[in-house]
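Please open the model in a viewer and keep the selection tool at hand. The stops below are given in the order in which they may be selected.

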Amino acid sequence: IIGYKNICCCRLFSRKGKSMKVKIKKLCKSAKTPTRGSEYACGYDAYACIEDGNTVTIAPHKTVKIGLGICLQPEEGYYVGIYARSGLSTKEGLRPANCVGICDEDYRGEYMVALHNDSDTPRIVQDGERIAQLVVHKRYDMEFEEVDALEDTDRGEGGFGSTGKN
C-alpha cells in the first residue's frame with residue numbers, strides 16, 4: 001500500500017540479556033519484522049514482501065530482486081549482513097546472488113534480496129516466505145598504511161589450497 005508507514009523498534013538480544021535497538025520502518029501492511037528461530041540463533045529470518053500477496057517465479061539459473069518491505073536503522077557503529085537461509089539453499093536451490101549482502105549503517109532504503117535460483121527447476125517465492133537471514137555486525141574503521149614490505153610468515157604468498165588442508 002503506497003504511503004503506508006509504520007515505525008517501531010525491535011531489540012536484538014544477546015545471551016547476557018543485553019540488547020541492541022534496531023529501528024524498523026515497515027513499507028507495506030504485509031511486511032514482517034524479522035524473527036529468530038531459536039533463543040540463541042544469530043540470524044533473524046527475513047520475509048519476502050510481495051505486492052498484493054502474490055508470488056514471484058524465479059527461472060532456473062536466474063536472479064530476481066525481492067523486497068522485504070522494511071527499512072532498518074542499526075545503532076551507530078553497526079551494519080546489517082544479509083545471508084542465505086541454509087534450508088532454502090539446500091532444499092530449494094535458492095540463495096542471495098551476491099552470497100552476502102551488506103547494508104551500511106547509513107542506508108535507509110528498502111532491504112532487498114537478489115535471490116538466485118541455482119537449480120534446474122523454476123522456484124516460486126510466496127509473500128511472507130522466509131528468504132534470507134539478517135545478522136548485525138560491528139563496523140570497524142580501518143586506516144591504511146602504505147609500506148614497502150610486509151612481515152615474513154611461514155605461509156608467505158601461498159594462496160588457495162597452499163596449506164595442504166582440506
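**Conventions**

This is a predicted model, in which local features need pLDDT of at least 70 and side-chain atom pairs count only at pLDDT 80 or more, while totals for chains, interfaces and linings use all residues. Residues are numbered from 1 along each chain as its sequence is written, and side-chain values use heavy atoms, with hydrogens and water left out.

**Stop 1: the disulfide**

Select Cys28 and Cys49, which are joined by a disulfide with an S to S distance of 2.4 Å; the term denotes a pair of cysteine sulfur atoms within 2.5 Å. The structure holds one such link. Distant parts of the chain are tied together here: Cys28 lies in the loop between β2 (19-26) and β3 (44-47), and Cys49 in the loop between β3 and β4 (55-58), 21 residues apart. Strands are DSSP runs of E with at least two residues, numbered from the N terminus. The angle about the S-S bond is 115°, and the link is right-handed.

Cys71 is buried at 9%, whereas Cys42 is exposed at 57%.

**Stop 2: strand β7 and its partners**

Next, select strand β7, residues 78-83, which pairs with β12 in the antiparallel sense over six bridges. Two strands count as paired if DSSP finds at least two bridges between them. Tyr78 stands opposite Lys138 in β12. Show both side chains: the charged end of Lys138 sits over the Tyr78 ring, 5.2 Å from its centre. The criterion is NZ of Lys or CZ of Arg within 6 Å of the ring centre and within 35 degrees of the ring normal.

β7 also pairs with strand β9 (residues 101-103), again in the antiparallel sense, over three bridges. There, Val80 has Cys103 in β9 as its bridge partner.

**Stop 3: Leu134**

Stay with β12, which spans residues 130-138 and contains Leu134. Is Leu134 buried or exposed? Its relative accessibility is 5%, so Leu134 counts as buried. Beyond its neighbours within four places in sequence, Leu134 contacts residues including Pro34, Cys42, Leu68, Val80 and Ile82; contact means heavy atoms within 4.5 Å. Pro34 is 100 residues from Leu134 in sequence, yet their C-alpha atoms are 7.8 Å apart.

**Stop 4: the aromatic pair**

A search of the whole structure finds one aromatic pair. Its members are Tyr107 and Tyr111, whose ring centres are 6.0 Å apart with planes at 40°, so the pair is tilted. Rings of Phe, Tyr and Trp (its six-membered ring) pair if their centres lie within 6.5 Å; planes under 30 degrees apart are stacked, over 60 edge-to-face, and the rest tilted. Tyr107 is partly exposed at 34%, while Tyr111 is buried at 0%.

**Stop 5: the nonpolar core**

Which residues touch the most other members of the largest nonpolar core? Among its 27 residues, these are Ile66, Leu68, Tyr111, Leu115, Val125 and Ile131. Strands β2, β4, β6 (70-73), β7, β10 (112-117) and β12 each supply at least two of its residues. A nonpolar core is a set of buried Ala, Val, Leu, Ile, Met, Phe, Trp, Tyr and Cys residues joined through side-chain atoms within 4.5 Å.

Finally, centre on Val125. Leaving aside neighbours within four places in sequence, its contacts include Ala48, Ile50, Ile66, Leu94, Leu115 and Ile131.

Key. Helices (H or I, at least four residues) and strands (E, at least two) are DSSP runs, numbered from the N terminus. Buried means under 20% relative accessible area, exposed over 50%, partly exposed in between (1.4 Å probe, protein chains only).
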